[in-house]
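Welcome! Have a look at it first, and then we can walk through it together.

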Amino acid sequence: MNILLAMIPAFFWGTTYAVTQYTLPDWPPLLLGALRALPAGLLLLAIKPNMPKQSEWGVLFRLGLINIAAFFSLIFVMALTLPSAISGVGMISVPVFAMLYHWLINKRRPGGVQAFFGLVLIALAWLLFDPGSISLSPVGLVAMLAAILCIVIGSSITKSLADRIHWWSILCWQLIIGGVLLAIAAAVHALLSPDAYLDAMQGFSPTNGAGLLWITGLNTALGYIMYVWLLQKMTVVDFTFGGIANPIAGIVSGMVLLNESFTPHQYLLMASMILTSLMPQIIQLIRNRIREANAIKTS
């Protein structure tokens, strides 16, 4: 059930790429990141006011920097440089990086099933992202890899705080801190390159407003409430497998909003990646059912 709930924020996050290209195509990524994070954080703080302890500011700053400031900037770089479907499907490889991270850093070896399907996922991604079959922005691909690392590291930090800081405080203050950092970075960037910021403000339209409401309200306020709450109840790797809805949303929203299309071979690779990411959960579910059936027989 928790994995199904984890699909809800993943679905909204998967729409980020197409919604950004459709409603905010020329806006600077730093500005988009600040407008996504800071209003949502302040809104959630107003709903339930709280103030971190002095000893908590350091880890909340690191969380805001990684989980929000860096990650949001990278996501909007991806949104403006890669096809929506490719961004969504590429992010499904997060579980592989999560397993490698915990293996290298925490000495926690992945299970045989997860390791096998992780390798299959890497092979499928290699075929999908083959430069000979599809032309993709190197900047966007580097941003994707960096964003995946932010998810893995940020989720691990969030998970480690479960018994130390209330999840609502984590949620509010990582958004506020990250949003402030992005606002400062955007202000500096605007001083150096003002044209993009002036164009965005002077040409503001109802479509821009709708895009910002979607990204701030559903993608961020609702999405991050569910994200932080669910991480207290699930392992990081299990949570990332709930991200199956991310590529589905990326593919569908790209088709609907941007008229994106790919070859049947590329769609087959995308579907194979999505199915591969689900297989460890499916196998674990089957094993649990068999154990339950055996336990009933022996009782």
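Predicted model: local features only at pLDDT ≥ 70, side-chain atom pairs only at ≥ 80, totals over all residues.

A helix here is a DSSP run of H or I with at least four residues, and helices are numbered from the N terminus.

**The largest pocket**

- The largest pocket has a volume of about 370 Å³.
- Its lining is made of 16 residues, and those closest to the centre of the pocket are Ile122, Ala125, Trp126, Phe129 and Leu145.
- Which helices each supply at least two residues of this lining? They are α6 (94–105), α7 (112–128) and α8 (138–160).
- By type, the lining of the largest pocket divides into 13 nonpolar residues, 2 polar and 1 charged.

**The cavities**

- Rolling a probe the size of a water molecule over the atoms shows where empty space is left.
- How many cavities of 30 Å³ or more turn up in a search of the whole structure? The search finds 2.
- The largest cavity has a volume of about 330 Å³.
- There are 22 residues lining the largest cavity, and Trp13, Phe71, Met91, Ile151 and Asn246 are the closest to its centre.
- Two or more lining residues come from each of α1 (2–14), α2 (16–23), α4 (57–81), α8, α11 (206–231) and α12 (236–241).
- The lining of the largest cavity divides into 14 nonpolar residues, 7 polar and 1 charged.

**A nonpolar patch on the surface**

- Val180, Ile184, Val188, Leu191 and Leu192 form a nonpolar patch on the surface.
- Together, these residues have about 520 Å² of accessible area.
- Val188, one of the patch residues, is found in helix α9 (residues 167–192).
- Val188 has a relative accessible area of 44%, so it counts as partly exposed.

**A loop residue with a positive phi**

- Most residues other than glycine have a negative phi.
- Asn259 is not a glycine, yet its phi is positive, at about 55°.
- Where is Asn259 found? Look in the loop between α13 (245–258) and α14 (264–298).
- Asn259 is exposed, because its relative accessible area is 66% and the cut-off for exposed is over 50%.

- Val252 lies in helix α13 and is partly exposed, with a relative accessible area of 44%.
- Pro264 lies in helix α14 and is exposed, with a relative accessible area of 70%.

**Distances across the model**

- Ala10 and Ile170 are 160 residues apart along the chain, and their C-alpha atoms are separated by 19 Å.
- For Leu212 and Pro194, 18 residues apart along the chain, the separation of the C-alpha atoms is 20 Å.
- Val252 and Arg287 are 35 residues apart along the chain, and 32 Å separates their C-alpha atoms.

Methods
Residues numbered from 1 in each chain as written. Heavy atoms only, no water. 1 Å grid on protein atoms, 1.4 Å probe; cavity = no way out; pocket = protein on both sides within 12 Å on 5 of 7 lines; lining within 4 Å. Points joined across faces, edges and corners; volume = space filled by probe spheres on them. Nonpolar A, V, L, I, M, F, W, Y, C, P; charged D, E, K, R; others polar. Patch = residues over 30% accessible without salt bridge, like charges linked within 9 Å, V, L, I, M, F, W, Y side chains within 5 Å. Areas by Shrake-Rupley, 256 points an atom, 1.4 Å probe, with all protein chains shown as cover. Salt bridge = Lys/Arg side-chain N within 4 Å of Asp/Glu carboxyl O. Buried < 20%, exposed > 50% of the residue type's maximum accessible area, 1.4 Å probe, protein only.
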